[in-house]
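Here is a short tour of ring pairs, cores and a few individual residues. Please have your viewer open as you read along.

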Amino acid sequence: MIDVNLVNFEAEVIEASLRVPVLLDIWAEWCGPCKTLGPQLEAAVTAAKGKVAMAKVNVDENPGISGQLRIQSIPTVYAFWQGKPSASGWRSTPRHRSAPSCRSATADQYAQGQAQSGGHTDGLP
């Protein structure tokens, strides 16, 4: 697990996702559900033994990344593959109630974000 910021986001998330899928955990220290989801994700990534990587973004320390990704609530998890976000919106729920849910992020949504930013996102989708 690696903490990412604007300086290392492209290398640790975008470029790394060209080799293996990268889960991006978007969290904050004060977020109770983040403290539940984070360790579960870390355990799953560790169990995958290199087949998937994980990066973490603290929204309070990195408002630029959370703004580019249009984060509206946390915890949020993006899965990056081949340099693009493939899914977002996993929510923490107690294990006995249900598995995390996932909302698909389409290529159109990615392209729309690029168009709105003029294509200058410093490596961010």
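Leaving aside its neighbours within four places in sequence, which residues is L24 in contact with?

## About the model

This is a predicted model, in which local features need pLDDT of at least 70 and side-chain atom pairs count only at pLDDT 80 or more, while totals for chains, interfaces and linings use all residues. Residues are numbered from 1 along each chain as its sequence is written, and side-chain values use heavy atoms, with hydrogens and water left out.

## L24 and the cores

Back to the opening question: beyond four places in sequence, L24 is in contact (heavy atoms within 4.5 Å) with V4, F9, V13, A55, K56, V57, L69, T76, V77, Y78 and F80.

L24 also belongs to the largest nonpolar core, which has 21 residues. Such a core is a set of buried Ala, Val, Leu, Ile, Met, Phe, Trp, Tyr and Cys residues joined through side-chain atoms within 4.5 Å; buried means under 20% relative accessible area, exposed over 50%, and partly exposed in between, with a 1.4 Å probe and protein chains only. The members that touch the most others are F9, V13, L24, I26, L69, I74 and F80. Two or more residues come from each of α1, β2 (22-27), β3 and β4, and β2 gives the most, with four. These elements are DSSP runs numbered from the N terminus: helices are H or I with at least four residues, strands E with at least two. Apart from this core lies another, of eight residues, including V45, V52, V77 and A79.

## Aromatic pairs

There are two aromatic pairs in the structure. Rings of Phe, Tyr and Trp (its six-membered ring) pair if their centres lie within 6.5 Å; planes under 30 degrees apart count as stacked, over 60 as edge-to-face and the rest as tilted.

F9 and F80 make an edge-to-face pair, 6.0 Å centre to centre with 80° between the planes. This pair links distant parts of the chain, since F9 is in helix α1 (residues 9-15) and F80 in strand β4 (residues 76-81), 71 residues apart. Both residues, F9 and F80, are buried. The rings of Y78 and F80 have centres 6.1 Å apart and planes at 40°, so they form a tilted pair. Together, ring pairs link F9, Y78 and F80 into a cluster.

The charged end of K56 sits over the ring of W27, 5.3 Å from its centre. The criterion is NZ of Lys or CZ of Arg within 6 Å of the ring centre and within 35 degrees of the ring normal.

E61 is found in the loop between β3 (53-58) and α3 (63-68). With a relative accessible area of 62%, E61 is exposed.
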